[in-house]
Amino acid sequence: MDARIKEAVDLFEEVMIYGTERVIKSVDHPLWNEYSPEQIQMLKLIGKEKQITSARLAVLQAVNKSAISSRIKKLLQKEVVRVVQTTDRREKLLELTDKGQAIILELDKVLTEYIEKLMAENIADEEIDQFLTIFRKLKTILKMDGV
């Protein structure tokens, strides 16, 4: 295996894990107190997919269905998601409510402002452009696998 690829994977994982932790600790926002990081991730996934099954959420969050059911129940109680019945009675889809969409917009704004400040102080414009080029390519490659 190419050592550079292994290092890239390790770095990506570390940035995701420790970056999330740093953002939660550094960004003082009431939504961080009201929603767990897992619930926020779930809201973001539902927002990206528009409508999604609980089984797909379990796969994307890499947890079992009972953990997903618990998270969904809490989000339904907070009225940030709703269940949409499909023509197949057995399949239920989840989608964001207007309140859920507003939360995602607010969190995205706060996160973007924080990351923008962090990058402006530490990363050159050319490096940001390189980062974007690489991540656009990765996204295209991953989408080809039907993810």
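Biologist: How many helices and how many strands are there in the chain?

Modeller: This is a predicted model, in which local features need pLDDT of at least 70 and side-chain atom pairs count only at pLDDT 80 or more, while totals for chains, interfaces and linings use all residues. Residues are numbered from 1 along each chain as its sequence is written, and side-chain values use heavy atoms, with hydrogens and water left out. Helices (H or I, at least four residues) and strands (E, at least two) are DSSP runs, numbered from the N terminus. From the N terminus on, the elements run α-α-α-α-α-β-β-α-α, and the chain has seven helices and two strands.

Biologist: Which residues of H5 are buried?

Modeller: Buried stands for under 20% relative accessible area and exposed for over 50%, with partly exposed in between (1.4 Å probe, protein chains only). The buried residues of H5 pack against H3, helix H4 (54-61), strand S1 (81-85) and strand S2 (92-96). They are Ile 68, Arg 71, Ile 72 and Leu 75.

Biologist: At what angle do the axes of H3 and H6 cross?

Modeller: Axes are lines fitted to C-alpha atoms, for helices over the stretch in contact, and angles run from 0 to 180 degrees between N-to-C directions. The axes of H3 (residues 37-49) and H6 (residues 98-122) come within 10 Å, and the two helices are therefore roughly perpendicular (65 to 115 degrees). The crossing angle is roughly 110°.

Biologist: Which residues make the contact of H3 with H6?

Modeller: Contact means heavy atoms within 4.5 Å. By class, this one has five nonpolar (Ala, Val, Leu, Ile, Met, Phe, Trp, Tyr, Cys and Pro), no polar (the others, Gly among them) and two charged residues (Asp, Glu, Lys and Arg). On H3 the residues are Ile 40, Leu 43 and Lys 44, and on H6 they are Ile 103, Ile 104, Leu 107 and Asp 108.

Methods
Angles under 35 degrees count as roughly parallel, over 145 as roughly antiparallel, 65 to 115 as roughly perpendicular and the rest as oblique.
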